[in-house]
Amino acid sequence: MSIELFGPEPEGATPLTDEDYLGLKPKWIATRGDLNLAEAQNILAAMDKHFRAPMKLEVILDDHFVRKLHKDMYSQVWTWAGTYRQIETSIGFDPLTVPESVFLLMENSKVWIQQAKSKNLDEIVCEIHHKLVQIHPFRNGNGRMTRLLADLLLISQNRPVFSWGGGGLEKVSLERTKYIEALQRADAGDISFLVNFVRSQ
Ligand SMILES: Nc1ncnc2c1ncn2[C@@H]1O[C@H](COP(=O)(O)OP(=O)(O)OP(=O)(O)O)[C@@H](O)[C@H]1O
Ligand SMILES: [Mg+2]
């Protein structure tokens, strides 16, 4: 069977390839609905684990944690969970630069957050989310991983998590269109659309 049978993906998603599909672990997955369910179950378990035991900023802003979080979210579904990609993707930096780019972003982010006043913390967290998803460290699952990482950062600073437009980002929806547009504005240097989006309902 080929991943093509799974049908089209929502706008702004990194398309899964047949090579990605070779890393699919559960044998019962035959449709995109099955895949979404398996990933959602895995992600819920990871959220439960990480929301129960809030972490310090220095623990989260570390390239080891980025890989650990991706592994926690997807290792029941994909063999490549937690492993940096070595292939080009439709979004993202040259794969050869991924390890260093993630490392440097995490180092810089520690300084940005420590210097942030509570007023502009949302903006800094949006910058980190955007820059990390732009690097696109993994074959897939980058959007969901970097959104959870942003929420964990907010929790570490005793701030409420983002609403992410009220939900519905996983499927074709108005919220998803707005979110992808906000990321494209951020690509062009304007983070304000994303900052407004993340606390909208
Ligand atoms: N122009 C862009 N600039 C930066 N990031 C982008 C852009 N377009 C899309 N993205 C991000 O890439 C993500 C898609 O990448 P990927 O498929 O690896 O993640 P995902 O978790 O499977 O996605 P999702 O659950 O959001 O569909 C989007 O959710 C969004 O966060
Ligand atoms: Mg995807």
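## Gly141 and its loop

In this predicted model, Gly141 sits in the loop that runs between α6 and α7. Gly141 counts as buried because 21 other C-beta atoms lie within 10 Å, where the cut-off for a buried residue is 20 or more. Leaving aside residues up to four places away in sequence, Gly141 touches His70, Met73 and Tyr74. Met106, by comparison, is 35 residues from Gly141 in sequence, and the two are 19 Å apart in space, C-alpha to C-alpha.

## The shell around ligand 1

Ligand 1 is surrounded by 18 residues, of which the closest are Gly12, Thr14, Asn142, Gly143 and Arg144. The elements that supply two or more residues to this shell are α6 (121-135), α7 (142-156) and α8 (174-187), and α8 gives the most, with four residues. By residue class, the shell around ligand 1 is made up of seven nonpolar, eight polar and three charged residues.

## Helix α8

The end C-alpha atoms of α8 are 20 Å apart, which agrees with the 20 Å that its 14 residues should span at 1.5 Å a residue. Within α8, the buried residues are Arg176, Tyr179, Ala182, Leu183 and Ala186. Viewed down the axis of α8, these buried residues fall within an arc of 125°, and they therefore line one face of the helix.

Just after α8, Gly189 adopts a positive phi of about 105°.

Technical notes: Residues are numbered from 1 along each chain as its sequence is written. Chains are lettered from A and ligands numbered from 1 in the order in which they are written. This is a predicted model: local features need pLDDT of at least 70, side-chain atom pairs count only at pLDDT 80 or more; totals for chains, interfaces and linings use all residues. A residue is near a molecule or strand if its C-beta atom, placed from the backbone, lies within 6 Å of it. Ala, Val, Leu, Ile, Met, Phe, Trp, Tyr, Cys and Pro count as nonpolar, Asp, Glu, Lys and Arg as charged, and the others, Gly among them, as polar. The expected span of a helix is 1.5 Å times one less than its number of residues. A residue is buried if 20 or more other C-beta atoms lie within 10 Å of its own, exposed if 12 or fewer, and partly exposed in between; C-beta atoms are placed from the backbone. The arc is that of the directions from the helix axis to the C-beta atoms. Two residues are in contact if their C-beta atoms, placed from the backbone, lie within 7 Å.
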